[in-house]
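Dear colleague,

I am passing on a structure that I would like you to look through before we next talk. Please open it first, and then read my notes beside it.

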Amino acid sequence: MFAKPIAGRTTAAADGDAVVLLIGMRINHFWAVHQWVPVLLAMPRMLRELSRDRSRGLLGHVLLTASPRTYYVVQYWESKEKLYAYAAAPDMFHHKVWAIINRKERAGKTRRHVGIWHEAYITPKGSYESIYADMPPFGLAKATGVLPVERRGRRAADRLVHR
């Protein structure tokens, strides 16, 4: 259950573009449990769906909280094409959730009890770097593998040049 730290400094073994999606929710009214609980439960369902079919392109994720009101997931994807394909796939749960949200918005039935958001970053090869000191695999390194930092350079500038 608890990952063992890797002694020393490591870096992510990512090669190519890094595709990162931050997606989350904010509870605007705690008392409107019937509005925000379905939103809160939707993300774990999507993550389970993606974990069952690795060919969809999700490499890894980290669940985080920004406050008692705000929860989000950092997701690492194989490519922007696979991210877009999952988002639009009619047979996937995400498509069903967005259809419900869109219907509510068109009908004027949103009540502003819960907010949802996402940010997507497509970072080209050579435009990102990472370092982990005495850490178990985490974030991008957990999603793509771990390398000794010396393989890519001791300094951030060296690791960026390596790519």
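This is a predicted model: local features need pLDDT of at least 70, side-chain atom pairs count only at pLDDT 80 or more; totals for chains, interfaces and linings use all residues.

Residues are numbered from 1 along each chain as its sequence is written, and side-chain values use heavy atoms, with hydrogens and water left out.

Side chains of opposite charge can pair when their charged atoms come close. The structure holds 5 salt bridges (a side-chain nitrogen of Lys or Arg within 4 Å of a carboxyl oxygen of Asp or Glu). One of them joins Lys125 to Asp15 at 3.3 Å, N to O; Lys125 sits in the loop between β5 and β6 and Asp15 in the loop between β1 and β2, so the pair ties together parts that are 110 residues apart in sequence. Helices (H or I, at least four residues) and strands (E, at least two) are DSSP runs, numbered from the N terminus.

Arg56 forms a salt bridge with Asp91, with the closest N and O atoms 3.1 Å apart, and this pair links the loop between α1 and β3 to the loop between α2 and α3, 35 residues apart.

Finally, strands β3 (residues 58–65) and β4 (residues 70–77) pair in the antiparallel sense over 7 bridges (two strands pair if DSSP finds at least two bridges between them), and they form a hairpin with 4 residues between them.

Best wishes
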